[in-house]
Structures are given as C-alpha cells and as structure tokens.
Amino acid sequence: MTAPSTSSSHGPSSRLRRSAGLFALVALLALLVLCSIGVGARPISIDIVWRALVAPDGGRDAIIVWQLRMPRTLLGILVGVGLGLSGAMMQALTRNPLAAPGLLGINAGAAFFVVIAISVFGITNFSGYVWFSMAGCAATAALVYRLSGNTGSSVQQVRLILAGAAISACLGAATGIITLYNSQTFDSYRFWVVGSLQNRVPEVAFQVLPIILLGAGMVVALGGRLNALALGDDVGRALGVRITQVRALSMVAITLLCGGSTAAAGPVGFVGLMVPHAVRMIVGPDWRWILPYSVLAGPIVVLASDIVGRIIAPPGELEVGIVTAFVGAPVLLFLVLRKTQASQR
Amino acid sequence: MTEASPKLNRTTWRPLPGVALPYQPRSLWLLAISLIAITALVIATLLTGEFTLSPSGVWQTLTGQQDDSLANLVVLELRLPRILACLLVGLALGLSGAIFQGMARNPLASPDVVGFTTGAATGVLVLLLVEGFAVTASLSVGAMVGGFGTALIVYLLAMRRGVHGQRLILVGIAIGAMLAAINSYLITRAELESAQAARIWMHGSLNGVSWPQVLPLLLWSLILVPAAMALSRRLGLLEFGDDIAAGLGLPVNRSKTQLIVVSITLAAAAISVGGPIGFVALAAPQLARKLAGTGGIALLPSAAVGATLLLAADLLAQRLLAPFQIPVGLLTGALGGAYLLFLLSREWRRVD
C-alpha cells in the first residue's frame, strides 16, 4: 500500500470528481433499496410498493413490505456498512491489502463463539449471541494480528493469510465437532453459518443498529489519522498521532462492526475484502475518501448480492453469503495473481 | 520458507555388485518405531470399544476358530476393515503430502491447503446430492474428477515459467475458497437428512467403512506406492531447486507432472474412502522429517508416520466421546490446525 499521493489528489477537480462519485453511489444504493423492497417471491408491482410505503393500508402487500422486506433491507444495509467498513479498517490497520474478516479466520472465530453460545449456554436469539460473536471477532483478530507481526512487508501479507487459514481450519473443526455432538444446534446453525438476511426476525435489524452506528462513529472520529498509520508507525508518530491509541480504538471499532454484522447475518465472506479494493481503485489511497465510499459500497454489494440470491434460484433463495463468496473468491484470486506476479519481478 | 537443501547423511547397502540402495539409518529407526506404534494401536483398536473381547478371543476370531457370530461380525467386518482403511488412508495422505511438499519446496504445500481436498469434496458432494447415496464406487470417481479438475485449474493459474511454491499455495487457497462456497451451497440445497449425511462425509470419517471400500484403496496403494518410490530420486533432485535439478540432467517439468499425478491420485483415493481428512498430509511429512533428522522429505517415513497418526487419531475419535463417534477428520483438523499455527509462529520467529 502506498502513501497518499500529494500532487493530484488534493486538487479541486479531483475532489469534485470524488464527491460526484459519492453522489452516484448514494443514487445506486437508493435504487437497490427500492429493488430490495420490490423484488421477492411474491411479485408486487412498483406502484403498489410505493403506495404501501407512503400510506400503509394494512393489506397483505403492505405487511409484506413493512414486516419482511423493510427489515431485511435495513439489515442488508447495516451488515454491508459493518463488513465494508471493518474490512477497510483492517486493511488500514495491518497495511495489508489481503486483510479481510473471512480470510483472517475472524468469521471462524465468531462462528465458534456463537456455537458455544448456542450449545453450551442455550442462547438462540440475536441479543444473546451478539456478545459472543463480538468476543470471537476480537479474540481471533488479536491472535492473527499478533501471530503475523506488523511489518507491512509482502512476507507479512502472506503470513496473515496463512495464519488465518490455520485458525479457520482449527476453529472450523472444533465448531464441527460441537455441532455434530449436539445435533439440535445443527439445523439452526447451518443456515446461520452460510450468511443470510433471510429468516432473521425483524427485531434483529433494530438491535444491531446501535452497534453498527457506534462502530461507524468511531471510524469517522479516527478518519484522517488512519492516513498517518498507513505511512508506518514512525512517520505516524512523527506526525503527532498517538499510534497505540489509534490502533486500540480501531480494534474496538472493527470488533463492533464485524462482530455485530456477523452476529446478525452469519459470516458473510469477501465483502470486507472486495469493497475497500474496489473503492481504492476509484478514489486512490486516501482513507478520508476510502471510508465514506466503503460505507456506501458495502451495502451496495450486500443488497445487490441479496437481490441476486432471491431471483437466481427460484423457488428457493440463495443465501447472501454464498453469492458474495461466488463474486468475491475470483476477486481474491485476481489479487493473489497480481500480488505474486509483482513480487516475482 | 524454502527448505534447507537435503543433507546427505546416507549409508549405502550393496546387496549385489552393481546394485546400490542408499538409505538413512535414522529413517530406518523411525520406520521400526512406527511399525511398533502401529502394532500397538491396532491391538488397542481391536481390543477396546463397546463390544469388548479378550485377547485370546480376538486371536481366535482372526484365525477363524471363533464360534460367536457377533464377535466375528465386530472383529472381521467392522474393526478390521476400519483399521486397514486407517492404515491405507494415512499412508496415502502422508505420501501424497510428502511428494507435494518436496516438489513445491514448501512445508505448507499439501493437498488440503491448496484446495485439492475441497475440490474432491465438491466432486463427491455433487454425486451425493444429485445422484443420491447409491453407489460407493461412484464416489471415488467423483473425488478423482473433482481433485484432478481442481489441481488442473490451480496448476494452470499458478504456472508462470514453472510453478512457484508460494504462488501455488495462495492460488490454491483462493480456489479452495471458491469451492468451499460451492460446497456450502450444495449442502443448503439438500434436505436436512442428506445435508447432515453429506456434512458428516465432508468432515472426513471412517465410521462404517467396509471391505468393498477398502479393497479398491488397497489396489490403488499397490499401484501408487511403488510408483512414488520409483519417483523418489527425482523428488530428491527437485528439492535442490529447479535450476540445479535441470543442470543435473533431470527433465524438470515432466518429473513434476508425474509427481503431481501420483500425489493427487493418492490423495483422491484416500478421500474417496474417508472423506476429506485434513492435515495428515500436511503434518506427517514434517513430523517425519524432524523425527528422522533428514534434511529433505523422506517418502517412506512420511507414509509410516501418516499411517500412525491416522490410526491414533481414529482410535481417539472412536473412544473420546463414546458412544458418540467424532468424525476423525474433525479431530485431525482441530489438532492439525493448531499444529500448523505452531509451525507458522515458530518459523516466523526464526525469520524475524
């Protein structure tokens, strides 16, 4: 990852261009929200959706729109914000373009803790296992981070992936043993674990809302200081940034964002990987732009995947985590191919 | 992450004029100790369990003098094929991993890390869920097709003027992630009952292995183990690096292709019987290398250690939470993942 370039990125024209891009993303997101409310197993025409939205009459369509599709869409937005932002934060913090919740084993950690919550403590509702999910995220993130060091070199980038793969394998197997031993948890677990916005009770969206907002607020507060972090610890310190403090706050923000969204939707992979990369291609390496773009791009990816999942395999649905994995795994492959090509030169 | 070049602390046995068989004395010790451990584990597996038999009873059953039909069933139809399956699967995985690690010159290269196992599982899952559970023979076909297909894709993508070890691993992880998505998709499409069964298979388990599954594996082993041995000298040369191996007159690319074919066939044969049992292929060659004190990868010790590991893990999986049977692949996954973490952290500390 490179430092923010100075000459072109601060010119008024590029700022205008980036702001325009931000508005374009807002428009795209709004369109997807409408699609997400309009598209589903029961076809409801767009004017009826609109009427149900502005003047709910208590009819069947209004109930579907308000009780099912609105909470689902809101959940999609929140999960997208959580995953997109936490992915961007991880990449900023580790200075590693391959850092993402799924690849680093953080999803496996959250899943392991949630399974413990379900099987040992008999917790089956969101408000109970959100704490376990966050604890799992925090513990695995700290472990991977410690294991792989913080040199920012290309060796360390590979390490991070390998440590993540090892942790995923280890915790995944432990999760497997528990879910098999306690087959009651398996049926609910197998749908949680693929990552889905479907079948979540409407309250989940409202319960996860404050957690995501708090995390996003912390990211906003950190904002520009992440740029100093991207330059390396020494330069950052010389610029007057309290590195340790920024790092600790970032870890808390990642835990809130990633743990919250994972508890709500299950481990949805690859959003945290794709979003910051796509965004960086558009706006360059300045975190003050990457973060707001990620806030919008995350929900766009999640909602689009969710909509695709709803219509691609009728009469059933494809879980959003599977769709993002189908899209995201080739992105990972592309990044890996590009990276190893660069390092071989 | 590349291995140190192999030490040549070898002794040569010349049984006939013109015949020279180099061997490493410590490897022989390791083989002997593995054999003793295997014997002990086999005896323990035969004697313990829900249905207990006295040693003399087991002996009578094995020699065909047992009148109790239940004892005959338990020993001859349940425990014996399972033991043999453990031995052969462990051996195949250990050998497959050893070939792979030697060839990629990277201790992390193994069929499971680079996604072949996931691919083989995809092949089997497609058969299981599309075709139903009918034929066990077709499962091995699914595993072979899936494994080889994945291998081909990974190999082609990772190839850039020769295969670079680290690139192979990262490409394999990416492809594996994609296949894992496909696998979880296939499982959610199934009914709960077949999803549960497919998932148990995906964990890797030797529960209920019977003779019709073990015999094809035996056949494969009889073909592939000698093939691997015949290639072992080429593997030894490849461990010096492609350039040196080519300089010494080895046809590098052809040798690699042959080695990959043998390695993946071994892994696929093992997977078709036991499901994707993780980390044996990763850990066995490394343990063998440390225990035997050889610098490079040694094939026979790796195979022996693989068989020992899997026998021990399966015994543990059978008895640890009895009567619940842990799929042995989960046990090796949990232990092996921890071992991999340990391996990584130690290696990195040394590098730093």
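Guide: Let's begin with a word we'll need: a residue is buried if 20 or more other C-beta atoms lie within 10 Å of its own, exposed if 12 or fewer, and partly exposed in between. Keep in mind that this is a predicted model.

Visitor: Thanks! So how much of chain B is buried?

Guide: Buried residues account for 50% of the 352 residues in chain B.

Visitor: And how many helices and strands does chain B have?

Guide: Chain B has 13 helices and two strands. Taking the contacts in chain B with a separation of 6 or more, 76% are between residues 24 or more positions apart.

Visitor: Let me hop to chain A. What about H13 there?

Guide: Helix H13 of chain A runs over residues 287-312, which is 26 residues. H13(A) is mostly covered, with 22 of its 26 residues buried. Its first and last C-alpha atoms are 35 Å apart, close to the 38 Å expected at 1.5 Å a residue.

Visitor: Where is H13(A) kinked?

Guide: The kink is centred on Ser294(A) and amounts to about 30 degrees.

Visitor: Good to know. Staying in chain A, how do H2 and H3 cross?

Guide: The axes of H2(A), residues 46-54, and H3(A), residues 60-94, come within 9 Å and cross at roughly 70 degrees. Angles of 65 to 115 degrees count as roughly perpendicular, and H2(A) and H3(A) are therefore roughly perpendicular to each other.

Visitor: Which residues make that contact?

Guide: From H2(A) you have Ile48(A), Val49(A), Ala52(A) and Leu53(A), and from H3(A) you have Asp61(A), Ala62(A) and Val65(A). By type, the residues of this contact of H2(A) with H3(A) are six nonpolar, no polar and one charged.

Visitor: And what angle do H2 and H3 of chain B make?

Guide: H2(B), residues 55-62, and H3(B), residues 69-104, pack at an angle of about 75 degrees, and their axes are 10 Å apart. That angle is why H2(B) and H3(B) are described as roughly perpendicular to each other.

Visitor: Who meets whom there?

Guide: Gly57(B), Val58(B), Thr61(B) and Leu62(B) on the H2(B) side meet Ala71(B), Asn72(B), Val75(B) and Leu76(B) on the H3(B) side. The residues of this contact of H2(B) with H3(B) split into five nonpolar, three polar and no charged.

Visitor: Switching topic: how many residues does each chain give to the contact between A and B?

Guide: The contact takes 38 residues from chain B and 35 residues from chain A. On the chain B side, the elements that give two or more residues are helices H6 (165-189), H7 (192-203) and H13 (328-351) of chain B. The largest share of that side, 13 residues, comes from H6(B).

Visitor: Is Phe270(A) buried or exposed?

Guide: Phe270(A) counts as buried because there are 30 C-beta neighbours inside 10 Å.

Visitor: What about Phe279(B)?

Guide: Phi of Phe279(B) is also positive, near 75 degrees, in a residue other than glycine. Phe279(B) is in the loop between helix H10 (252-274) and helix H11 (280-292) of chain B. With 31 C-beta neighbours inside 10 Å, Phe279(B) counts as buried.

Methods:
Residues numbered from 1 in each chain as written. Chains lettered and ligands numbered in written order. Predicted model: local features only at pLDDT ≥ 70, side-chain atom pairs only at ≥ 80, totals over all residues. Axes fitted to C-alpha atoms, helices over the stretch in contact; angles between N-to-C directions. Helix = DSSP H or I, 4+ residues; strand = E, 2+ residues; numbered from the N terminus. Parallel < 35°, antiparallel > 145°, perpendicular 65-115°, else oblique. Contact = placed C-beta atoms within 7 Å. Nonpolar A, V, L, I, M, F, W, Y, C, P; charged D, E, K, R; others polar. Expected span 1.5 Å × (residues − 1). Bend = angle between axes of the 7 residues up to and from the residue.
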